Each structure stands twice: as C-alpha cells, then as structure tokens.
Amino acid sequence: MGPTMRFGYDGDGGLGDRLLAAVLRGEKTATSSLAVEYRSGEPLPRVGERRTLVDGSGRVQGIVETTAVRVVALDAVGDEIARDEGEGFADAASWRAAHVAFWSAAADLIRADAGDRGWVLRPDEPVVVEWFRLLS
C-alpha cells in the first residue's frame with residue numbers, strides 16, 4: 001500500500017474518523033503534528049509525496065498529495081493554519097486551545113513515541129504543518 005495518512009489515535013473517541021470525513025468533504029486541507037513525534041524515525045512529510053488515506057479501521061479512503069510543509073512554533077500558528085485544518089476553528093486562538101488540549105491528553109503517547117519521558121508541551125513547541133490535496 002505504501003505510505004499512509006491516518007488521523008487521530010486509538011481510543012480518540014472517533015476524532016480521527018471525523019477529521020478524515022472533513023478531508024473527504026474538501027474542508028480539511030492541512031494537518032498539524034508535533035515535531036517531537038518525528039523523533040521515532042518517521043521522516044517529515046515532503047512536497048509531492050503521495051499517501052493513502054486510511055480510516056481508524058485501516059480501510060483505504062483515498063489518496064492525498066503533500067503540497068507544502070512548514071515548521072511553526074505553537075504560539076506562532078496563525079489564522080490561515082486554523083482555517084486550513086478545516087475543523088471549524090474561528091481563529092488561531094481557538095485552534096491553539098483545542099490542539100493544546102489534544103496534545104496534553106496524548107502526552108504519555110507522545111513521550112513514548114519520542115522516547116523522551118521528560119517531554120512537556122511548551123508555548124514555542126515546534127509544530128509540523130502539512131498542506132495536502134485530495135487526489136481521489
């Protein structure tokens with residue numbers, strides 16, 4: 001199948017599949033993750049890279065192509081990113097509040113994946129923002 005893109009995490013209450021549905025409706029054209037999550041060895045997304053979209057059950061739902069990638073400090077995320085994430089955020093402040101809550105709830109998973117038991121979310125935490133387009 002090659003590289004895949006999956007939203008959320010096991011036990012996220014269906015969040016991942018709701019985000020996937022927003023991609024399929026054309027509302028979500030960007031996604032964000034913490035740079036620390038790439039310490040496990042997964043490469044950063046690259047422009048032109050194509051990945052298979054899979055749902056929480058591993059079923060194929062489409063193909064996306066990465067169109068841009070930027071690393072931005074958490075406290076510098078702007079309204080453009082909040083809008084492009086397609087989750088209905090009014091502005092960057094509401095995006096930030098939701099993402100801080102999400103990443104804080106997943107902190108133990110992030111620490112384990114990164115191999116950094118002392119990691120804590122900081123205001124200037126590097127965030128990897130990936131823009132993509134749905135191909136099929």
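Author: Happy to! Keep in mind that this is a predicted model. Its open sheet is built from five strands in the order 1-3-4-5-2, and the pairing is mixed. At the edges stand strand 1 (4-5) and strand 2, each with a single partner strand, so one side of each has no neighbour in the sheet.

Strand 1 pairs with strand 3 (residues 50-54) in the parallel sense, over two bridges. There, Met 5 lies opposite Leu 53 of strand 3.

Now for the helices. Helix 1 (residues 15-24) packs on the sheet and touches strand 3, strand 4 (60-73) and strand 5. The direction of helix 1 makes about 125 degrees with that of strand 3. Helix 3 also packs on the sheet, where it touches strand 2 and strand 5; its direction makes about 45 degrees with that of strand 2.

The largest nonpolar core has 19 residues, and Leu 34, Ile 81, Trp 95, Trp 103, Ile 110 and Val 127 have the most contacts inside it. Two or more residues each come from strand 2 (30-34), helix 2 (79-84), helix 3 (92-105), helix 4 (107-114) and strand 5 (126-134). A second, separate core has eight residues, among them Met 5, Leu 19, Leu 20 and Phe 132.

Leaving aside neighbours within four places in sequence, Val 127 is in contact with residues including Leu 34, Val 72, Leu 74, Trp 95 and Trp 103.

Key
Residues are numbered from 1 along each chain as its sequence is written. This is a predicted model: local features need pLDDT of at least 70, side-chain atom pairs count only at pLDDT 80 or more; totals for chains, interfaces and linings use all residues. Side-chain values use heavy atoms; hydrogens and water are left out. A nonpolar core is a set of buried Ala, Val, Leu, Ile, Met, Phe, Trp, Tyr and Cys residues joined through side-chain atoms within 4.5 Å. Buried means under 20% relative accessible area, exposed over 50%, partly exposed in between (1.4 Å probe, protein chains only). Helices (H or I, at least four residues) and strands (E, at least two) are DSSP runs, numbered from the N terminus. Contact means heavy atoms within 4.5 Å. Two strands pair if DSSP finds at least two bridges between them. Axes are lines fitted to C-alpha atoms, for helices over the stretch in contact, and angles run from 0 to 180 degrees between N-to-C directions.
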